Amino acid sequence: MAKLESDARFARCSVSAEMSEDGIVTLEGSADSWRHVVDIGHLAASLPGVVNVVNNLSAEGIRVEKTDNTERIRQARQLGRLAETDVLIVGAGICGCGIARELSKYNLKVAVIERNADVSEEATKANNGDIHPGHKAKPGTLKAKLNVRGNYLYDKWQQELGFELVRCGQINVAYSEEDMKGIEKIYHDGVANGVPGVRMLTREELLEREPKIPGDPIGGVEAPTMGVVEPFQVCVALAENAAVNGVQFLLSTELLDIDVKPEGGFEAVTEQGVVCCRYLIDCAGIHADDVAEMAGDKFYTLHPRRGGIVIFDKRVTGPYQHAISAFPRNKDAESKGGGYARTPEGNILIGPSAVEIPDKEDKSMEESDFDYAYERGKSIYPELDRRDAIAMYSGIRPADYTEDFIIQMSRKVPGFIHVAGIQSPGLASAPAIAEMVEGILKEDLQDHGQQLQERADYQPNRKPQVQFRRLSHEAQEALIKENPQVRAHHLPVRADHRGGDPGRAALPRGAHHRGRHQAQNQSGNGPVPGRFLPAQGRGDFGQGAGQGLDSDQSERPGRLYSGAQKPLGGAKYENNTGGFGRHRRRARGPCRRRRGQKTGYPAGGPHRAGPGVGRNSSAVRTRRLRPAPLPAADVRRPVRRGVYPGRAGPGHPGTGQHHGPGDHPGQEDLRGKRKRGHAPL
């Protein structure tokens, strides 16, 4: 408190602090701004002996309301038991899906609940896809340890799961002696963390690697293990492989409350019913502290830190092979600073920004977010033109006040495992996080005299997906002819054009925004070989003007429930084609479709942005990227099990869910008419 009182910044703040025997500081009172709320939390966490901080401070003029779920909880309990499992994972992001896959190799029943209608709908899809080397993590932290280990394990993940991983390497550039001091610190931190191949570069070595670096650089630091991925591809691959190995995914299933049973175990009250489990793993992202509070073990507070990212058209080729950034002089204290990189698709990506906000759901893209990302990119690539920006989005980092990961078995609630504070480099650390949680679970079972047995039928490999857009036209035509089940309105539109919309007339009304450039999986991988599913992802906006939704034209074989189990509710639904990633829009941010929304435009309206780059401007979304309105007659209410019109998941015929090829009457009507039972999303 003395340190707080002596700081002139907090003269108008009224704060009381109490520290428990286990080193948890609880802050109460008020501050004059949200920035000061966060700063006071960081100050408390830096004091000797403090393990973590529960920050209950309010900010003047800002009201953060908590939702009263009392009535929803009462109604959910009345629905009765939804499922029973050994391990329940809350959250289907990169960590939740990674842990689910890791545990699927054992003789355990594992289930994952997710409040959204698909996996990878929150922070996972809204980051820049960097597999960080680990040289920017603070030495001695859990972040540093898991970052380096996770980066190493990504090669194994890629080999087994077949997603794209590009090892581009990273270079940080210094333009002054002051910059060099910061660069040298990054280098020494990398050496301390055990980052392979990290080295200092002289001016000559720097220009030899990247001769077109602008200005007059004097040196830099190189980390060759840097990689980039499409995060949603990784998450979808993990979920699919986990589902093939028996993991049950309960989507559109929000957690409302947790009952800790005296004899051990939990009853997780969800909006779809009650899930009983022995172990509960909290991978709820920015809401992990809320889940911990439900279980009675909240010893930290997560503060949302928003990051904005901008993607540029493919015609902006850029001069660099590495991920490049100038040493950041005006970055947020807890941010790496952002910079210039390429997606696996080849688009230039810049950002992210770092802004502390009070609202955990505020994924808006402010003009300041765009400006920060744009200036960071322009500092290393002066020719970058904001008019070439085709997409922007933001995500929420779930940061705690120690700025480290929280991964541990609860000391108060047996069987409850915390996986919280997973901000950057969470994506890079995900394989190591899954490995660590596996170890925690095995150790706890051993303490209770039990051993995990590996399954003889575990399948670690997932067949590589057909990248339809990367085939020659001849190979595309041959692939189509090989499968007689292909319906005419699923024929792909070639993506080599820059203008116009060839092939659009052959599509039914409303189909253009559901994934027009689609591919067929001839590998037979999945429960319904040969079906089409929409192209999704950051590539939806990242292909360039005029290329529309040409992204991941791949099969999505994973079911929402394991192949050995029946759909929830006992519905007879043998031709279920539910798959992960069917409606992926990684660049959406706050643009999720709300229930009952009748138009395809983003809920909440256009984003604020710089000139020529507004959410609905032609510079960001081409005409073909803008969804057509839904006719009022096609808007259906969700059924009990969380099935929405046209979305993947167990349900009943007539709900608008996509069935397998040839399942519907009227399929011969291919031009300009909707098929019965389909709501064009």
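Predicted model: local features only at pLDDT ≥ 70, side-chain atom pairs only at ≥ 80, totals over all residues.
Reader: What makes up the chain, and how much of the chain is buried?

Author: The chain holds 13 helices and 24 strands, and buried residues make up 61% of its 681 residues. Among the contacts with a separation of 6 or more, 74% are between residues 24 or more positions apart.

Reader: Why are α4 and α8 called roughly parallel?

Author: The axes of helix α4 (residues 94-103) and helix α8 (residues 231-244) cross at roughly 30° and come within 8 Å. Angles under 35 degrees count as roughly parallel, and α4 and α8 are therefore given that description.

Reader: Which residues of α4 and α8 meet, and how does their contact divide by class?

Author: From α4 the residues are I94, C97, G98, A100 and R101, and they meet V234, C235, L238, A239, N241 and A242 of α8. By class, this contact of α4 with α8 has eight nonpolar residues, two polar and one charged.

Reader: What makes α4 a mostly covered helix?

Author: A residue counts as buried under 20% relative accessible area, and in α4 ten of its ten residues are buried. These are I94, C95, G96, C97, G98, I99, A100, R101, E102 and L103, and the list includes the charged residues R101 and E102.

Reader: Why are α5 and α11 described as roughly perpendicular?

Author: The axes of helix α5 (residues 142-161) and helix α11 (residues 426-447) come within 6 Å, and they cross at roughly 95°. The range for roughly perpendicular runs from 65 to 115 degrees, and α5 and α11 are therefore placed in that class.

Reader: Which residues form the contact of α5 with α11, and how do they divide by class?

Author: On the α5 side the contact involves L142, K143, L146, N147, R149, G150, N151, L153, Y154 and W157, while on the α11 side it involves L427, A428, S429, A430, P431, A432, I433, E435 and M436. The residues of this contact divide into twelve nonpolar, four polar and three charged.

Reader: What makes α5 oblique to α8?

Author: The axes of α5 and α8 come within 11 Å and cross at roughly 60°. That angle makes α5 oblique to α8, since roughly parallel needs an angle under 35 degrees and roughly perpendicular begins at 65. The crossing of α5 and α8 is left-handed.

Reader: Which residues bring α5 and α8 into contact, and of what class are they?

Author: Y154, W157 and L161 in α5 meet V234, A237, L238 and N241 in α8. By class, the contact of α5 with α8 has six nonpolar residues, one polar and no charged ones. Y154 and W157 of α5 are also among the residues that meet α11, and V234, L238 and N241 of α8 are also among those that meet α4.

Reader: How do you know that A174 is buried, and what surrounds A174?

Author: A174, which has its place in strand β9 (residues 170-174), counts as buried because its relative accessibility is 0%, against a cut-off of under 20%. Leaving aside neighbours within four places in sequence, A174 is in contact with D179, M180, I183, P217, I218, G219 and G220. The C-alpha atoms of A174 and E184, ten residues apart along the chain, are separated by 9.8 Å.

Reader: What is said of the backbone at S120 and S252, and why do both count as buried?

Author: S120 is not a glycine, although it has a positive phi of about 60°, and its place is in the loop between β6 (110-113) and β7 (130-131). For S252, likewise a residue other than glycine, phi is positive and near 50°, and S252 is found in the loop between β13 (248-250) and β14 (255-260). S120 counts as buried because its relative accessibility is 1%, and S252 counts as buried because its value is 4%.

Reader: Where are cis peptide bonds found?

Author: The bond from G351 to P352 is cis, with omega near 5°, and P352 has its place in the loop between β20 (348-351) and β21 (355-356). Another cis peptide bond joins S424 and P425, with omega about 10°, and P425 lies in the loop between β24 (416-420) and α11.

Notes:
Residues numbered from 1 in each chain as written. Heavy atoms only, no water. Axes fitted to C-alpha atoms, helices over the stretch in contact; angles between N-to-C directions. Helix = DSSP H or I, 4+ residues; strand = E, 2+ residues; numbered from the N terminus. Parallel < 35°, antiparallel > 145°, perpendicular 65-115°, else oblique. Contact = heavy atoms within 4.5 Å. Buried < 20%, exposed > 50% of the residue type's maximum accessible area, 1.4 Å probe, protein only. Left-handed = near helix turned anticlockwise from the far one by under 90°.
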